[in-house]
Amino acid sequence: MSTITKVWLDETENECSMCGACELACREVFDMPEKMAVRKDADYSMIKEIIEAVEGCPMAAIAIEYDGSGRRDNPL
Ligand code: SF4
């Protein structure tokens, strides 16, 4: 089974609109004190919730990496 090894905001194509949907989907990973960010202590074992956040992001700004692939992967 694949494991998520990195989550980040990739705003090269679309800027985060600060809608807060990802934080609602997974507070263990996403946090918006002033600007949306991935928590330093993010719990990458929350795979279902992280994928929900990626798929629910209206700006397609959330990137995930599986198994240390070194690239932006698509949700499984
Ligand atoms: S769901 Fe996407 S657009 Fe909304 S706050 Fe999160 S990263 Fe930004």
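Reader: Which residues of α2 are buried?

Author: The buried residues of α2 are I50, A53 and V54. Looking down the helix axis, these residues fall within an arc of 100°, so they line one face of α2. The arc is taken over the directions from the helix axis to the C-beta atoms. This is a predicted model, in which local features need pLDDT of at least 70 and side-chain atom pairs count only at pLDDT 80 or more, while totals for chains, interfaces and linings use all residues. Residues are numbered from 1 along each chain as its sequence is written.

Reader: What makes a residue buried or exposed?

Author: A residue is buried if 20 or more other C-beta atoms lie within 10 Å of its own, exposed if 12 or fewer, and partly exposed in between, with C-beta atoms placed from the backbone. On the other side of α2, K48 and E55 are exposed. Over the protein, 18% of the 76 residues are buried.

Reader: What covers the buried residues of α2?

Author: The cover includes β1, α1, β2 (30–31) and β4. These names are DSSP runs numbered from the N terminus: helices are H or I over at least four residues, strands are E over at least two. By that rule the protein has two helices and four strands. Their order along the sequence is β-α-β-β-α-β.

Reader: Why is the protein called as compact as a globular protein of its length?

Author: Its radius of gyration is 11 Å, and the globule rule gives 11 Å for 76 residues, so the protein is as compact as a globular protein of that length. The radius is taken over C-alpha atoms, and the rule is 2.2 Å times the number of residues to the power 0.38. Along the principal axes, the C-alpha atoms fill a box of roughly 35 × 25 × 20 Å.

Reader: Which residues of the largest nonpolar core touch the most other members?

Author: They are C22, C26, I50, A53 and I62, out of 14 residues in that core. β1, α1, α2 (47–56) and β4 (62–66) each supply at least two of the core residues. With three residues, α2 gives the most. The term means a set of buried Ala, Val, Leu, Ile, Met, Phe, Trp, Tyr and Cys residues joined through C-beta atoms within 7 Å.

Reader: Which residues are in contact with I50, leaving aside its neighbours within four places in sequence?

Author: I50 is in contact with I4, V7, C26, V29 and I64. A contact here is a pair of residues whose C-beta atoms, placed from the backbone, lie within 7 Å. Among contacts between residues at least 6 apart in sequence, 57% join residues at least 24 apart.

Reader: Why does R39 count as partly exposed?

Author: R39 has 14 C-beta neighbours inside 10 Å, so it counts as partly exposed. R39 is in the loop between β3 (37–38) and α2. P75 sits in the segment after β4, and P75 touches I51, V54, E55 and I64, leaving out residues up to four places away.

Reader: Why does M18 count as exposed?

Author: M18 has 12 C-beta neighbours inside 10 Å, so it counts as exposed. M18 lies in the loop between β1 and α1. G20 lies in the loop between β1 (4–9) and α1 (21–25). G20 has 11 other C-beta atoms within 10 Å and is therefore exposed.

Reader: What is the phi of M18?

Author: The phi of M18 is near 60°, a positive value in a residue other than glycine. Most residues other than glycine have a negative phi. A60 has a positive phi of about 50° and is not a glycine either. A60 is in the loop between α2 and β4, and A60 counts as exposed because it has 12 C-beta neighbours inside 10 Å.

Reader: How many nonpolar, polar and charged residues does the shell around the ligand have?

Author: The shell has 12 nonpolar, two polar and no charged residues. Nonpolar covers Ala, Val, Leu, Ile, Met, Phe, Trp, Tyr, Cys and Pro; charged covers Asp, Glu, Lys and Arg; the others, Gly among them, are polar. Of the 14 residues around the ligand, C16, C19, A21, C22 and C57 come nearest. To be near, a residue must have its C-beta atom, placed from the backbone, within 6 Å of the molecule or strand in question.

Conventions: Contact = placed C-beta atoms within 7 Å.
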